[in-house]
Amino acid sequence: MKAVVMKKVGGTDVMDFVDCAEPVVMPGHAVVEVAAAGVNFMDIGVRLGMAWTEMANPKILGVEGAGRVLSVGDGVDGFAVGDRVAWVYAPGSYAERHSILADSLVRIPDALDDRTATSVMMQGLTASHFATDFYPVQPGDIALVHAGAGGLGLLLTQIIKLKGGRVIGRVSSEDKIAAAKEAGADHVIVDTEGQFAEGVLHLTGGEGVNVVYDGSGPKTFHGSLDSLRRCGTFCWYGPVLGGPGPLDIMKLPKSIKIGYATFFDHIHTPELFRGRTQQLFDWVADGSLKLKIGGVYALAEAARAHLDMESRTTTGKLLLIP
Ligand SMILES: NC(=O)c1ccc[n+]([C@@H]2O[C@H](COP(=O)([O-])OP(=O)(O)OC[C@H]3O[C@@H](n4cnc5c(N)ncnc54)[C@H](OP(=O)(O)O)[C@@H]3O)[C@@H](O)[C@H]2O)c1
């Protein structure tokens, strides 16, 4: 089968589209035919050597996708050949076929196609976790959402709105304003230099926001701190773009709460994973949550998808099609 491997840590030149051994079905696993693989910023982090370092190179990139079950291993309950399934955190997803731990699989309802289901997995679960577990958004809350037109940002904006919150989106170019607004952002600030706090304070009558969602790297960190109101919450989540460096806890202002959010800390069992995914699928099926697929690439073009994501020109979800 064909797959996209990284032969070593580096730029997109380390990504090769090559023949790989067919996956073998193992106990507790299912082999799936991949219909769509999701591109996530963390894949760029893996390629740069920031994650999955315990797995030797060359290795197949990608952690998310949807497709059809081809075979099931011993001990797998609840899945059969032909089932349509989606998954997240399954390293090796940029491939035509993949062997996946059954605990990481969820059945796709008939109402959703494979591309839509793929698009809801990593970014949808993360957005749902941020607005539900990490900081449970209350009606009337105001949130600042960085990269508000990205795959995660669009879903996070919609979920905050579903919960009755208001959203100030921050994007890097005028071209992205429409996408952020379509997702429900009440205001959108264009900025790449960390100079957005003044605008946020102006829009909130000087009070600041209840919660900041910031995965945009060191440049935004201090502006995000300045954008918070008293006792606000800072949800930080961007390991690939880089952290703020060492923090002196006694210098943190306004009794804020700050933490590094990753969804699998809260959504850490197959039951929680399937329950939360089902809620996202239901929201998509009833029209409450709209997916924007901003780029569809052949699997062989994965390197181009990475370059596009890093260039800050994309909006919504990027997919690879085997
Ligand atoms: N902790 C978790 O559980 C978790 C889970 C999923 C994702 N994440 C993080 O969430 C962020 C978004 O991930 P995603 O997969 O949904 O990607 P995405 O938002 O679809 O695309 C990345 C966004 O980041 C911004 N960006 C790209 N390159 C940048 C750069 N060099 N400097 C600053 N901003 C840049 C761009 O927005 P603008 O150009 O408009 O700023 C772009 O829209 C990433 O930081 C990712 O690591 C964390």
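## Ligand shell

By class, the residues around the ligand comprise 11 nonpolar, 11 polar and four charged members (Ala, Val, Leu, Ile, Met, Phe, Trp, Tyr, Cys and Pro count as nonpolar, Asp, Glu, Lys and Arg as charged, and the others, Gly among them, as polar). The shell numbers 26 residues, and the closest are Gly151, Ser172, Gly215, Ala261 and Arg312; a residue is near the ligand if one of its heavy atoms lies within 4 Å of it.

The model is predicted: local features need pLDDT of at least 70 and side-chain atom pairs pLDDT 80 or more, whereas totals for chains, interfaces and linings use all residues. Residues are numbered from 1 along each chain as its sequence is written, and side-chain values use heavy atoms, without hydrogens and water.

## Origin of the shell

Helix H3 (122-134), helix H4 (151-162), strand S10 (166-171) and helix H10 (302-310) each contribute at least two shell residues. Helices (H or I, at least four residues) and strands (E, at least two) are DSSP runs, numbered from the N terminus. Domain 1 (2-121 + 267-321) and domain 2 (139-260) each provide at least three residues of the shell, with bounds from an automatic or database domain assignment.

## Polar contacts and cover

A backbone N or O atom of Gly215 is 2.9 Å from a ligand oxygen atom. A ligand nitrogen atom lies 2.8 Å from a polar backbone atom of Ala261, and a ligand nitrogen atom lies 3.4 Å from a polar backbone atom of Tyr237. Of the 890 Å² of accessible area that the ligand has on its own, the protein covers 90% (Shrake-Rupley method, 1.4 Å probe).

## Backbone geometry

Most residues other than glycine have a negative phi, and most peptide bonds are trans. Arg312, one of the closest residues to the ligand, has a positive phi near 65° and is placed in the loop between H10 and strand S16 (317-321).

The loop between helix H1 (41-47) and strand S4 (59-60) holds Pro58, which is joined to Asn57 by a cis peptide bond with omega about 0°. Trp52 is also found in the loop between H1 and S4, and its phi is positive, near 55°.

How values were computed: A polar contact is a pair of N or O atoms within 3.5 Å; within protein, one must be able to donate a hydrogen and the other to accept it, and residues adjacent in sequence count only if both atoms are side-chain atoms.
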